Amino acid sequence: MEKFYDVAVIGGGIIGSAIAYYLAKEKISIAVFDSGQISGKTTSAAAGMLGAHSECDDLEVFYPFARRSQQSYSILEQELKELTGIDIRRTPGGIYKLAFNETEKQELGPLCGLTTVEWQDSRYIRQTESAISNDIIGAAYIEDDVHVLPQAVSRGFSQGAQMYGAAVHEYTHVYDIQKNGIGYILKTQAGEFAVQQVIIASGVWSNSFFQQLGLENRIVPVKGECLSVWKDGISLQHTLFHEHCYIVPRNDGTLVIGATMVENDWSEQPTIGGIEQMISKAKTMLPSVGGMKVASFWAGLRPQTFDGRPFIGFHPEDNGILFAAGHFRNGILLAPATGQMMRDFVLQREVDEKWVEAFKIDRKNYCLV
Ligand SMILES: Cc1cc2nc3c(=O)[nH]c(=O)nc-3n(C[C@H](O)[C@H](O)[C@H](O)COP(=O)(O)OP(=O)(O)OC[C@H]3O[C@@H](n4cnc5c(N)ncnc54)[C@H](O)[C@@H]3O)c2cc1C
């Protein structure tokens, strides 16, 4: 037997790293196991938008959870910088959700009803964003939906956790979880580890544990293809968003353009067709994209659940096993709130009952009945 930990987290993407950070901060003995490098999978493919408003169509449960997570970032930015020296590049500017016609403007109506969102007409927008398409009639402006650098956040969480005493085992695939008295034995590529509790945060690959642990629900991969381009002399201060395509101005001189939605595709390579589709959508928002130089292409697998909400909670029949997976399009946004919720579960603190119900593992999969 290699070593004993109170808690083992399987998966060192942004979700597993956030959980490790919040638990290590509470002096829980914790280890993270990842098959590869920390934040090397889906987390590294993300654009980094904190879209609590722009991604939200459920104002009752999802929005308050997402908003709490988004707001945590202002504290985290400072906290991780002081602790680890890592700058998560939280970039102001917010998002313009564009409307090209009256129907699209009307569709943005409920969003513009929130106090944190305002409608701006095209003439006003073009005063700051002169490169934007002449064809827009206006946009919902969401100042608080800023963006961060996902890998920096994930590395910040992971290094912060290690500074609070967590162990991180990279290139250590976990094959199996076996019950052993009141705890568990993890069978890994680096031998066996004894633990009291196990948290499964393996993104789209959590499926193998759902299956192994007798759970019916599953996670489906939704591939997203992106590219980045050098913006050269063009100025863009805000993220542009239209019909599931976005252009995010990173502060390293590039624009990130994404992302396709290809369901049930497990390959992590972008296709020419997918990239073509993104370029054509981006040109409708920012016509000058066509002349920009390409910096890179990539793809990642979003972990989608049947209802678009993550699975966060206990195994229905075993309090020693917890899940935090299936964050789909919003894992970067939801990482702090997920980490805090898992910390509270492990420490047996109070957790908002609405969230417990909404995210529980065995909620009904209406698609299967
Ligand atoms: C193109 C694209 C754009 C996106 N843009 C945004 C965005 O702007 N904003 C936002 O909030 N979200 C965005 N997302 C979604 C976000 O990236 C995901 O929701 C998030 O990264 C999921 O994180 P995770 O930690 O659950 O999964 P991952 O990052 O995939 O981490 C899971 C980890 O588990 C490890 N693992 C798997 N199986 C095992 C095992 N058996 N043993 C050990 N380790 C294992 C893997 O190696 C991996 O490192 C985007 C996603 C894509 C693809």
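**Exercise 1. Helices H1 and H10**

Task: In this predicted model, determine in which hand H1 passes H10, and describe how the two helices pack.

Solution. 
1. The crossing of H1 past H10 is right-handed.
2. H1 covers residues 14-24 and H10 covers residues 331-346. Their axes lie 8 Å apart, at an angle of about 40 degrees.
3. Angles under 35 degrees count as roughly parallel and those from 65 to 115 as roughly perpendicular. H1 and H10 are therefore oblique to each other.
4. On the H1 side the contact is made by Ile-14, Ile-15, Ala-18, Ile-19, Tyr-22 and Leu-23. The H10 residues they meet include Gly-331, Ile-332, Ala-335, Pro-336, Met-342, Arg-343 and Val-346.
5. Sorted by class, this contact of H1 with H10 holds eleven nonpolar, four polar and one charged residues.

**Exercise 2. Helices H1 and H7**

Solution. 
1. H1 passes H7 in a left-handed crossing.
2. From H1, Ile-14, Ser-17, Ala-18, Ala-20, Tyr-21, Tyr-22 and Ala-24 take part. From H7, the partners are Pro-150, Val-153, Ser-154, Phe-157, Ser-158, Gly-160 and Ala-161.

**Exercise 3. The annotated segment**

Task: What secondary structure does the chain have over residues 7-24, and which feature does UniProt place there?

Solution. 
1. An unreviewed UniProt entry places the feature "transmembrane region" at residues 7-24.
2. In the model this stretch is 61% helix and 22% strand.
3. The C-alpha atoms at its ends are 10 Å apart.

**Exercise 4. Ser-69 and Glu-129**

Task: Is Ser-69 buried or exposed, and is Glu-129 buried or exposed? Locate each residue and list its contacts.

Solution. 
1. Ser-69 sits in helix H3, residues 62-84.
2. The cut-off for buried is under 20% relative accessible area. Ser-69 has 0% relative accessibility, so Ser-69 counts as buried.
3. Setting aside residues up to four places away in sequence, Ser-69 touches Leu-333, Leu-334, Ala-335, Pro-336 and Ala-337.
4. Glu-129 lies in the loop between helix H6 (122-128) and strand E5 (138-142).
5. Glu-129 has 1% relative accessibility and therefore counts as buried.
6. Beyond neighbours within four places in sequence, Glu-129 contacts Tyr-96, Ser-235, Leu-236, Gln-237 and His-238.
7. Glu-129 and Gln-237 are 108 residues apart in sequence, with a C-alpha to C-alpha distance of 7.2 Å.

Methods:
Residues are numbered from 1 along each chain as its sequence is written. This is a predicted model: local features need pLDDT of at least 70, side-chain atom pairs count only at pLDDT 80 or more; totals for chains, interfaces and linings use all residues. Side-chain values use heavy atoms; hydrogens and water are left out. Axes are lines fitted to C-alpha atoms, for helices over the stretch in contact, and angles run from 0 to 180 degrees between N-to-C directions. Helices (H or I, at least four residues) and strands (E, at least two) are DSSP runs, numbered from the N terminus. Angles under 35 degrees count as roughly parallel, over 145 as roughly antiparallel, 65 to 115 as roughly perpendicular and the rest as oblique. A crossing is left-handed if the near helix is turned anticlockwise from the far one by less than a right angle, and right-handed if clockwise. Contact means heavy atoms within 4.5 Å. Ala, Val, Leu, Ile, Met, Phe, Trp, Tyr, Cys and Pro count as nonpolar, Asp, Glu, Lys and Arg as charged, and the others, Gly among them, as polar. UniProt positions are given in the numbering used here, feature names are shortened, and annotations may be inferred rather than shown by experiment. Buried means under 20% relative accessible area, exposed over 50%, partly exposed in between (1.4 Å probe, protein chains only).
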